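Please read them with the coordinates open.

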Amino acid sequence: MERGVSVEIDGKEIKSTEGITVKSALVMNGYKVLKGSLFTPCEVGGCWSCAVLVNGTLSPSCTTRIKDKMTIETDLPNDYTPKRIIQNFGGHMVGGVGTPWQLKKSTGYIEVACFAAGCNLLCPQCQNWDITYKGNGVALTPRDTAEIMSATRKRFSVDRMAISGGESSLNRKWLIEYIKELKRLNPDPAARIHVDTNASILTRDYIDELIDAGMTDIGPDLKGYSPETFMRISGIEDKDLAEMYLSTAWDAVRYLIENHKENIFIGVGIPYNRAFISPQEIEIMGEKLSDMDSEIQVCVLDYRPEFRRTEIIRPSYHEMLDIQNILKRKGLKTVICQTEFGHIEP
């Protein structure tokens, strides 16, 4: 039986139901989600973008449960310390989308990376689903994360430090402060701070803020050109939301190329599996990217059977080679393709 309880939200006492999430209680009391005052992109408690103060303690509203006499404050102080769940710190021998292709030829570790839990997309073939949709784990502050990453860099004797996900760009305050802390702890000129992202919320001012904080390399993904393809790949069923995410990602790439290609390294990711996207759409994407900058590095990712789409077939080496040739014919000069046998170089 549901039990009614009394809770206080921003100084106002209300009646609620014990056990529902704080987010649900807030929505029931007029708080707007996504475009309003409450951004809850992952819904699993991984990114902490929706954090509020619960009895004075920072807590994710999407997973924290309502209890009697609970006090909730949604207006966080300017100096609060953000948190999110970050896992799997370690060395990487291949790198990510935003890693220069020449480094991928190395036989040793080329960077260290960590992975952020939580994502605003619901990709049915998510390649990193065991972290992406994980809401349990220790939530770290930017400083804690930067200290672990800096120690990991030292242990593996590399210069590159990457963050991926999930989706790394969720919880903007956290990511900006993390990059600043990483820059503070790694002031040497050789240090590279690399962000891989689906770019779906990467607005122009966000990009500028990341670069000002110390980001040196970025790898935005473009999950299609048409909204229909984006919806198949991302699992987003709301067409208006899908169009907004897709438009933001393409605009982010355009803005990066037009305004920052001399300051940071940019590598663009394109997913390929015939179950989600056609060679014809890949051709259109290649043409659009070539028009922006024919020199831009493009990394084609061969989507393999994972998560909820274990029945799909991983593209063959020769299929990926065909995709590379399609993009090259559109004028792109630096196209690498991920395959089961390693990367096909430009």
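1. Basis. This is a predicted model, in which local features need pLDDT of at least 70 and side-chain atom pairs count only at pLDDT 80 or more, while totals for chains, interfaces and linings use all residues. Residues are numbered from 1 along each chain as its sequence is written, and side-chain values use heavy atoms, with hydrogens and water left out.

2. Ten-stranded sheet. Ten strands form an open sheet in the order E8-E6-E7-E9-E10-E11-E12-E13-E14-E15. The pairing is mixed. Strands (E, at least two residues) and helices (H or I, at least four) are DSSP runs, numbered from the N terminus. Two strands pair if DSSP finds at least two bridges between them. Strand E8 (139–140) and E15 are the edge strands, and each pairs on one side only.

3. E10 and E11 run parallel, joined by four bridges. Here threonine 197 stands opposite proline 220 in E11. Strand E12 (residues 265–272) and E13 are also parallel, with six bridges. Valine 268 faces valine 298 of E13 across the pair, standing opposite. E14 and E15 run antiparallel over three bridges. Cysteine 337 stands opposite isoleucine 344 in E15.

4. Burial in the sheet. Buried means under 20% relative accessible area, exposed means over 50%, and partly exposed lies in between (1.4 Å probe, protein chains only). Six of the six residues of E13 are buried, so E13 is largely enclosed by the rest of the structure. Both of its faces are covered: Gln297, Cys299 and Leu301 are buried on one side, and Val298, Val300 and Asp302 on the other. In a regular strand the side chains alternate between the two faces of the sheet. Strand E11 (residues 217–220) is covered on both faces too, with Asp217 and Gly219 buried on one side and Ile218 and Pro220 on the other.

5. Phe115. Phenylalanine 115 lies in strand E7. At 14% relative accessibility, phenylalanine 115 counts as buried. Its C-alpha atom is 5.4 Å from that of glutamine 87, which is 28 residues apart from it along the chain.

6. Five-stranded sheet. A five-stranded open sheet has the order E2-E1-E5-E3-E4, with mixed pairing. Strand E2 (12–17) and strand E4 (57–60) are at the edges with a single partner strand each, so one side of each is left without a neighbour in the sheet. From one strand to the next, the twist averages 40 degrees; axes are lines fitted to C-alpha atoms, for helices over the stretch in contact, and angles run from 0 to 180 degrees between N-to-C directions. Strand E3 (residues 51–54) and strand E5 (residues 71–73) are antiparallel, with two bridges. Leucine 53 stands opposite glutamate 73 in E5.

7. Largest pocket. The largest pocket holds about 1,100 Å³ of space. On a 1 Å grid over the protein atoms alone, a pocket is an open set of points where a 1.4 Å probe fits, with protein on both sides within 12 Å along at least five of seven lines; lining residues have an atom within 4 Å of a point. Grid points are joined across faces, edges and corners, and a volume is the space filled by probe spheres set on the points.

8. Pocket lining. The lining has 45 residues, and Val97, Gln127, Ser164, Leu301 and Gln338 lie nearest the pocket centre. Elements giving two or more residues include strand E7 (111–116), strand E9 (160–165) and strand E10 (192–197). E9 gives the most, with four residues.

9. Helix H4. H4 covers residues 172–185, and its 14 residues should span 20 Å at 1.5 Å a residue; the end C-alpha atoms are 20 Å apart, which agrees. The expected span is 1.5 Å times one less than the number of residues. Buried residues in H4 include Trp174, Leu175, Ile176 and Tyr178. Arginine 184 is also in helix H4, and at 47% relative accessibility it counts as partly exposed.

10. Backbone points to check. A cis peptide bond joins glycine 165 and glycine 166, with omega about 25 degrees. Glycine 166 lies in the loop between E9 and H4. Lysine 69 has a positive phi of about 70 degrees, although it is not a glycine. Lysine 69 is in the loop between E4 and E5, and at 62% relative accessibility it counts as exposed.
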